[in-house]
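Student: I would like to learn how to read pockets, strands and backbone angles in a model. Can we go through one together?
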Amino acid sequence: MNEQYYLESSDGQSNLPRRLELSELPATLGRHPDCSLQLNVDRISRLHARFALTNGELCVEDLGSTNGTFVNHQRIDESTPVSAGDVIHLADHEFRLMRDAGVHSSTADSGVSADTVIGVNTLPRKFPLQMAALIDLLENDRVTTYYQEIRTSAGELFGWELLGRSTHPELTEGPGQLFSLASALNSEVRLSRLLRRQSFEAASRAKLKQPLFFNNHPAECEDFDDLLSELSSLRQRFPDLELVFEVHEAAVTDLTVMARVRKELDRMQIRLAYDDFGAGQARLLELVEVPPDFLKFDISLVRGLEDTESAKYRLLSALNGLISDMGIKTLAEGIETRHAAMLCREIGIDFVQGFYYSRPREIGLG
């Protein structure tokens, strides 16, 4: 068996080990001492389930247990194929099947013996069912690239923001769903890099010449050296793209680090934008010490922009004037109406973006 599978438990109250190695197949699970993995816990039968390879495919089979074996919340009555990410219940004990390349010693130490309680009313659902789909997406690059127009305040096309989307039929709820699932696997960085690489490849194929704004995940900012190394490799692959790296304002906290990041981006000829300004700390010191090329006002500053006498208008106008005086170009996100676009133009904001101008669309589909 080339791949190492294990069961990860979500149940911290049942004396189950956190990780059950399926190091040798077939493997039986149950309360009987002769089981490969002995589980002396409530509601598990003496011989509960068996994992085995069938024609090279990992399958699980219920062994006539009292309280059942479930795959992705469906009770099974025959040998059923399973893959990494699937949610498996033995009675009402929840596991997630996972796979890695490392070999770990078995952790299936015994717990406290308990009598079987007949009947499972509700299955715990701590593990999302779409995990197998996310693993498939990551391993097979099942993503595509969308882009949204960025226009000047006069309405002329200036550039694009690159946006990643799933092409997996089970993952259709947008990037929020993807990163929520990825966080359960500590795979946010891997997902962010996949989306970024695919977006650069798509932009290069489409021969986009305008500035391309691209994002990163906050987890990547915990190791800027690694992030900058990855960007350097991408820059070498795509030397003709005009890139703008967006950093969320919450990540701009260490001025020494940001100064080094800015220097490295300059070396790679990648411009810098501070994203979502006004959503959190909105500290102006970073703008003075490490000024970006662009500053994107958070949508919360734009939403509800009503008239020139409103407090939000006066705040946005004051901020824009201050930032523009520093030589930093400003961009307002979330423009959805002609009225909001007009007010942003009156304020003097340089660039605008939102549904009023265009919705995101797939690169290459017009």
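Student: Which strands each supply at least two residues of the lining of the largest pocket?

Tutor: First, the ground rules. This is a predicted model, in which local features need pLDDT of at least 70, side-chain atom pairs count only at pLDDT 80 or more, and totals for chains, interfaces and linings use all residues. Residues are numbered from 1 along each chain as its sequence is written, and side-chain values use heavy atoms, with hydrogens and water left out.
Rolling a probe the size of a water molecule over the atoms shows where empty space is left. A pocket here is an open set of points on a 1 Å grid over the protein atoms alone, where a 1.4 Å probe fits, with protein on both sides within 12 Å along at least five of seven lines; lining residues have an atom within 4 Å of a point.
The strands are strand 13 (157–166), strand 15 (243–248) and strand 16 (271–277). Strands (E, at least two residues) and helices (H or I, at least four) are DSSP runs, numbered from the N terminus.

Student: How much space lies in the largest pocket, and which residues are closest to its centre?

Tutor: The space is about 530 Å³, where a volume is the space filled by probe spheres set on the points, with grid points joined across faces, edges and corners. Of its 26 lining residues, E161, L163, D275, D276 and E333 are the closest to the centre.

Student: What does the second largest pocket look like in the same terms?

Tutor: The second largest pocket holds about 260 Å³. It is lined by 14 residues, and those closest to its centre are L162, G164, F179, L195 and N215. Strand 13, helix 2 (175–184) and helix 3 (188–205) each give two or more residues to that lining.

Student: How do I read strand pairing, and which strands does strand 17 pair with?

Tutor: Strands of a sheet pair through backbone hydrogen bonds, either parallel or antiparallel. Two strands count as paired if DSSP finds at least two bridges between them. Strand 16 pairs with strand 17 in the parallel sense over 3 bridges, and Y274 has L295 as its bridge partner. Strand 17 also runs parallel to strand 18 (residues 329–332), joined by 4 bridges; there F297 is partnered by A332.

Student: Are the faces of strand 17 covered or open?

Tutor: In a regular strand the side chains alternate between the two faces of the sheet. Both faces of strand 17 (residues 294–297) are covered: F294 and K296 on one side, L295 and F297 on the other, are all buried. Buried means under 20% relative accessible area, exposed over 50%, and partly exposed in between (1.4 Å probe, protein chains only). Across the 366 residues of the chain, 51% are buried.

Student: Where does the backbone have a cis peptide bond, and which residues have a positive phi?

Tutor: Most residues other than glycine have a negative phi, and most peptide bonds are trans. Here a cis peptide bond joins L25 and P26, with omega about 0°; P26 lies in the loop between strand 2 (19–22) and strand 3 (27–30). K207 has a positive phi of about 55°, lies in the loop between helix 3 and strand 14 (212–214), and is exposed at 61% relative accessible area. Q269 has a positive phi near 55°. Its place is in the loop between helix 5 (255–267) and strand 16, and Q269 is exposed, with a relative accessible area of 65%.
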